[in-house]
Amino acid sequence: MVFKSAYQLWQNQCYPFSVLNLSIWPVLLLVFSQRSMAFDPLDPFGNITIKWDVISWTPDGYVATVTMNNFQMYRHIMSPGWTLGWNWAKKEVIWSMVGAQTTEQGDCSKFKGGNMPHCCKRNPVVVDLLPGVPYNQQISNCCKGGVVSSWGQDPSAAVSAFQVSVGLAGTSNKTVKLPKNFTLLAPGPGYTCGPATIVPSTVYLTPDRRRKTQALMTWNVTCTYSQFLVSRHPRCCVSFSSFYNQTITPCPACSCGCHNKDRCIKSDSKRLSTVGINTPRKDNEPLLQCTRHMCPIRVHWHVKQNYKDYWRVKMAVTNFNYRLNYTQWTLVAQHPNLNNVTQVFSFDYKPLVPYRSINDTGMFYGMKFYNDLLMEAGPFGNVQSEVLMQKDKNTFTFKQGWAFPRKVYFNGEECMLPPPEAYPSLPNYASTKSIIISAMAASLFWFLQLFIC
């Protein structure tokens with residue numbers, strides 16, 4: 001009930017920046033603390049749910065299908081993919097797996113003969129299989145190298161699954177002990193998983209859809225994401241420019257921290273011709289281009305043109321990491337005029353409406369097989385698009401930075417925005433008037449010169 005009330009307060013009273021309404025802040029802070037700083041106002045119900053369905057009993061345990069559903073609207077799991085771990089409650093072993101594998105077998109020396117378990121560790125760590133494995137090692141929704149799409153981008157690809165045969169375990173609903181201490185890397189830190197909870201058994205339809213069957217037992221694990229667990233610093237930044245001001249507002253200095261300043265590489269460095277310079281490292285250590293902001297990703301928002309009933313924005317995303325490209329990237333922007341998008345050029349677009357009465361957030365992502373891959377830093381390490389929006393005459397203005405976004409996320413990470421006082425501003429009236437008078441005087445001078453000649 002607390003969550004529902006908080007969402008309603010955020011929706012009805014706290015938008016966009018009602019800092020004066022102090023009465024709602026204790027409720028919102030309570031929500032933040034209960035969600036371990038994982039609450040995302042742009043995706044309040046986003047999480048990853050891991051479901052275990054026991055589909056059969058064996059002489060010493062059970063066979064379960066494990067399904068991972070990504071219900072996050074704009075945060076996907078990119079390469080090298082997810083890693084799932086847990087602790088067994090007793091002394092269970094994994095006899096076999098289909099669609100995934102553990103990273104270590106562990107000590108199975110107590111087992112004799114040729115029937116050796118797949119894994120004997122008390123805390124197994126599981127990874128997805130790569131595409132192209134033999135068919136007898138596959139099940140539905142497996143074997144994608146751990147890459148899982150976001151729910152908003154492609155619900156059919158926002159799932160991953162594997163099958164596991166567990167031994168030395170309970171053989172009935174009353175004797176099975178649920179695994180505990182779940183961990184999820186996707187591919188790095190950021191996710192916190194709750195305890196396994198028994199839920200109503202999953203119901204299945206037969207292929208002819210005329211009969212229902214159900215799992216013998218089902219439990220769920222819910223994992224939520226917090227950017228604070230990933231890094232103290234943002235991993236992307238935003239710069240601004242406009243047609244009505246020649247000043248370009250850059251990303252703030254050291255937006256993503258300057259801890260990589262000593263290891264960055266200049267864009268004209270001879271090291272870039274070294275073989276293997278773009279090969280990722282196992283520790284995912286970035287190799288950044290030397291910039292003022294020192295971010296792997298920069299998003300540029302340019303107010304390009306103004307028409308009578310419409311206005312146009314150009315967006316460009318640039319990669320400054322020489323060791324990483326981004327597949328199935330997503331870009332989320334929050335702006336009040338996104339409630340009236342007329343056309344998006346060269347990107348796919350989907351409005352995000354977590355609160356039904358507010359339509360100010362949209363997700364942009366690459367067109368499949370065209371620009372859904374953002375290449376590593378270099379001449380091809382950027383993607384760009386333009387957005388045409390219809391004006392609302394009651395709210396539209398270029399004053400006080402209204403034309404720039406309130407929030408920007410890249411791949412689910414919130415980006416650092418410039419300070420409001422640095423936004424490109426409209427020319428003041430006096431300077432605009434002097435420019436017009438000077439232009440008219442110059443035109444009159446040249447006209448008289450031509451007439452006299």
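I take two strands as paired if DSSP finds at least two bridges between them, and I take strands (E, at least two residues) as DSSP runs, numbered from the N terminus. The model is a predicted one, in which local features need pLDDT of at least 70 and side-chain atom pairs count only at pLDDT 80 or more, while totals for chains, interfaces and linings use all residues. Residues are numbered from 1 along each chain as its sequence is written, and side-chain values use heavy atoms, with hydrogens and water left out.

Entry on strand S17. I looked up Met 315 and found that its bridge partner in S24 is Ser 385; S17 and strand S24 (residues 382-390) run antiparallel and are joined by 9 bridges. Strand S16 (residues 297-306) is likewise antiparallel to S17, with 9 bridges between them, and I noted Asn 306 opposite Trp 311 in S17. For burial I used relative accessible area (buried under 20%, exposed over 50%, partly exposed in between, with a 1.4 Å probe and protein chains only). On that scale 8 of the 10 residues of strand S17 (residues 310-319) are buried, and the strand is mostly covered.

Entry on the open sheet. I then traced a sheet of 5 strands, which is open and antiparallel in its pairing, in the order S21-S22-S19-S25-S26. Strand S21 (347-352) and strand S26 (413-414) are at its edges and have a single partner strand each, so one side of each lacks a neighbour in the sheet. The partner of S26 is strand S25 (residues 407-410), paired with it in the antiparallel sense over 2 bridges, and Phe 410 stands opposite Glu 413 in S26.

Entry on two loop residues. I located Lys 110 in the loop between strand S5 (100-102) and strand S6 (125-128), where Lys 110 is exposed at a relative accessible area of 58%. Leu 168, in the loop between strand S7 (159-167) and strand S8 (180-185), is partly exposed at 37%. I also checked Leu 168 against Tyr 62: they are 106 residues apart in sequence, and their C-alpha atoms are 9.2 Å apart in space.

Entry on charge. Which residues form a positive surface patch? I listed Lys 91, Lys 110, Arg 122 and Lys 180. Patch residues have over 30% relative accessible area and no salt bridge, with like charges joined within 9 Å and nonpolar side chains (Val, Leu, Ile, Met, Phe, Trp, Tyr) within 5 Å; a salt bridge is a side-chain nitrogen of Lys or Arg within 4 Å of a carboxyl oxygen of Asp or Glu.

Technical notes
Areas by Shrake-Rupley, 256 points an atom, 1.4 Å probe, with all protein chains shown as cover. Lys, Arg positive; Asp, Glu negative; His and termini not counted. Charge placed at Lys NZ, Arg CZ, Asp CG, Glu CD. Helix = DSSP H or I, 4+ residues; strand = E, 2+ residues; numbered from the N terminus.
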